[in-house]
Amino acid sequence: LFAIQYYCAAMQDPNPAYWDEKFATDYFGGFTAPPAMLQSWTVPLPWHPHGAPGLNSISIMVPLPGDRPINVSNDIEYFRPLYVGDIVSYFDQLMDVSEEKTTRVGTGHFITSVGEYRNQNDQLIARSTNILFRYRAHDA
């Protein structure tokens, strides 16, 4: 709950679903996390004193040339609230890889993936469709 309230304080989000236990219980059955926090529960820390874990995104693991990523779009569809105490799992699936394209930033491929966020009961919380451009920079 602290992480949720800390996030809401930073965003100045006064929604009682994140602050008032009676309200949250009456309307949602308990405290929930803001939808915008969903990805923060499954993305590894960018730094750790013993070394940060690498990103495990399918878009990074596809064996293609290019080591520079730009996220083009991310659309998330929500199906149910994420409750305090839920255990979240994430599964990422490769959906499409474009033919090689050349853009202003470099030459590479657009990679589309769909990820599903599920709780400990295997209930679908949200589905994320992400498009990333992985490229080689133009020579300077």
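**Close-up 1. The hairpin of strand 4 and strand 5, with D122 between the strands.** In this predicted model, five residues lie between strand 4 and strand 5 in their hairpin, and D122 takes a positive phi near 65° there. The two strands, strand 4 covering residues 106–118 and strand 5 covering residues 124–137, pair in the antiparallel sense over 13 bridges. Within this pairing, E116 stands opposite R127 in strand 5.

**Close-up 2. A salt-bridge network that includes E116 and R118.** The side chains of R118 and E116 meet in a salt bridge, with an N to O distance of 3.0 Å. Salt bridges that share partners join this pair with D122 and R127, so that E116, R118, D122 and R127 belong to one network. R118 counts as partly exposed because its relative accessible area is 22%, and E116, with a relative accessible area of 22%, is likewise partly exposed.

Close-up 3. Strand 4 is mostly covered, with 10 of its 13 residues buried. Strand 2, which spans residues 89–97, runs antiparallel to strand 4 and is joined to it by eight bridges; in this pairing V97 stands opposite I111 in strand 4. Strand 3, made of residues 101–102, also pairs with strand 4 in the antiparallel sense, over two bridges, and here K101 stands opposite G108. A hairpin of three residues joins strand 3 to strand 4.

**Close-up 4. The salt bridge of E100 with R136.** The closest N and O atoms of E100 and R136 are 3.3 Å apart in this salt bridge. Because E100 lies in the loop between strand 2 and strand 3 while R136 belongs to strand 5, the pair ties together parts that are 36 residues apart in sequence. Both partners are partly exposed, E100 with a relative accessible area of 46% and R136 with one of 32%.

**Close-up 5. The salt bridge of D26 and K22 in helix 2.** The side chains of D26 and K22 meet at 2.7 Å, N to O, in one of the five salt bridges found in a search of the whole structure. Because the two residues are four apart in helix 2, which spans residues 21–28, they are separated by about one helical turn. Both D26 and K22 are exposed.

**Close-up 6. A nonpolar surface patch of I70, V72 and V105.** These three residues together have about 210 Å² of accessible area. V72, found in strand 1 (residues 68–78), counts as partly exposed because its relative accessibility is 45%.

Note on methods:
Residues are numbered from 1 along each chain as its sequence is written. This is a predicted model: local features need pLDDT of at least 70, side-chain atom pairs count only at pLDDT 80 or more; totals for chains, interfaces and linings use all residues. Side-chain values use heavy atoms; hydrogens and water are left out. Buried means under 20% relative accessible area, exposed over 50%, partly exposed in between (1.4 Å probe, protein chains only). Two strands pair if DSSP finds at least two bridges between them. Patches are made of residues with over 30% relative accessible area and no salt bridge: like charges are joined within 9 Å, nonpolar side chains (Val, Leu, Ile, Met, Phe, Trp, Tyr) within 5 Å. Accessible areas come from the Shrake-Rupley method with a 1.4 Å probe; for residues, only the protein chains shown count as cover. A salt bridge is a side-chain nitrogen of Lys or Arg within 4 Å of a carboxyl oxygen of Asp or Glu.
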